[in-house]
Amino acid sequence: MEISEHTLADYLLQRTTLFNKTSPLIVTALSNEKDKYVDGYLNYLYILKQGNKKYITKHSKTTVSSGIALAPIDPKRNYLEYMTYQLRAGLAPQMVPETYFADPAAHLFVMEDLSYLTVLRFSLCRGQQFPRLGKQVGEYLARTHLATSKMKLSPDYWHALKSYFQNGDMRIIITDFILKPPPRNAEPKTAYEEALLDILDAILEEPVIKQEWNTLIERISTKDECLIHGDFHSSNIFVSQNSFKVIDMEYTMTGPFSYDIGYFLANILSQYAAFSIKGDASMCEFLLQVIKDTYKTYFTYFSDHAAGAQKDCFLEILQDSLGYLAMANINRIANLGEFPDFDCLASPEKTFLAKGLSMMLAQALFKKRGQLSTTEAACQLIQTTRNNFLQQLIL
């Protein structure tokens with residue numbers, strides 16, 4: 001049976017025990033219309049509803065619908081994602097949605113509906129604060145990283161894990177598109193867009209940045225330390241004041257400890273830049289605290305649960321994660337697509353200023369990451385760079 005919005009109900013009624021076969025099962029395509037961003041670049045997402053029961057089905061596409069020129073993607077990643085949910089649910093209880101059914105042949109699975117929570121990214125855009133956020137992020141990453149690392153697994157288990165989660169198609173998306181600076185094309189652009197690309201060119205002209213940029217891309221493929229999420233950003237986290245759940249694990253693969261932390265904190269830096277332009281000191285203070293709490297919780301968990309000296313390991317994770325933070329932050333802006341962290345600002349001028357500030361913050365962190373040995377020093381650099389930028393606007 002070909003899976004679609006029109007056939008999915010009959011398929012699930014026949015293949016699962018989740019539903020009453022005598023009652024109608026309503027299937028609707030999932031979109032995030034409330035916040036004006038449609039989900040599903042790599043997947044079809046459906047809401048399933050029967051009476052009081054509500055679930056989500058994720059069905060793999062074989063092509064990317066975001067304009068990326070890429071060969072067809074193996075839909076078998078869908079079952080890998082399902083297995084990843086199973087694994088991480090045991091490592092970080094209450095932080096992963098429940099999964100109920102999977103069909104490897106049809107490339108779909110059924111999972112918990114999280115509509116009782118909110119998407120972190122859009123909550124932050126609205127100025128909502130979650131005091132436990134940094135600690136929750138740090139704990140989730142530490143639990144799932146350490147338990148799937150060489151520090152905890154025997155060589156045989158480690159090689160089996162690495163082999164099972166090779167995920168080559170998704171790794172190419174990370175190395176060739178997510179982390180690789182976008183080429184400048186001939187499409188018409190606004191003056192603000194041209195200025196942002198000029199900033200990108202200036203950043204990439206610095207020899208130390210160009211060299212280190214390529215080095216960090218290479219490490220995604222060669223530095224296998226643990227099982228990483230691979231797409232750990234603020235749109236893939238659902239929250240309330242009491243709950244925290246991580247979704248969208250189809251990029252799971254082995255990689256460096258530092259990648260997930262940096263990729264997530266890129267969103268926090270973007271939000272910090274946006275609220276700096278808005279003049280919201282309370283949100284800026286909160287976002288810096290998220291950065292501090294994330295690192296502190298992550299490193300504390302490692303110290304408490306892994307034997308041996310961790311000082312050198314922690315320094316490398318901190319400095320490399322700041323590099324990935326900067327790369328993800330700069331590339332997201334330079335791609336010139338929709339960017340919720342900034343799109344909620346009041347005017348094109350303020351949006352441009354926030355994006356420009358965000359790229360300058362990322363540039364400063366990238367250039368000086370080798371000199372930053374503490375989270376406090378990194379946050380101080382962020383504050384100083386931001387203050388200098390705002391002072392120049394006044395002058």
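**The sheet and its helix**

Guide: Helix α1 (residues 8–15) lies across β1, β2 (43–50), β3, β4 and β5, and runs at about 100 degrees to β4. The model is predicted, so local features need pLDDT of at least 70 and side-chain atom pairs count only at pLDDT 80 or more, while totals for chains, interfaces and linings use all residues. Residues are numbered from 1 along each chain as its sequence is written, and side-chain values use heavy atoms, without hydrogens or water. Helices (H or I, at least four residues) and strands (E, at least two) are DSSP runs numbered from the N terminus; contact means heavy atoms within 4.5 Å; angles, from 0 to 180 degrees, are taken between N-to-C directions of axes fitted to C-alpha atoms, for helices over the stretch in contact.

The five strands make an open, antiparallel sheet ordered β1-β2-β3-β5-β4, two strands being paired if DSSP finds at least two bridges between them. Because β1 (26–29) and β4 (99–103) are the edge strands, each with a single partner, one side of each has no neighbour in the sheet. From one strand to the next, the twist averages 20 degrees.

Within the sheet, β3 (residues 53–60) and β5 (residues 108–112) run antiparallel and are joined by five bridges. Here Thr57 faces Val110 of β5.
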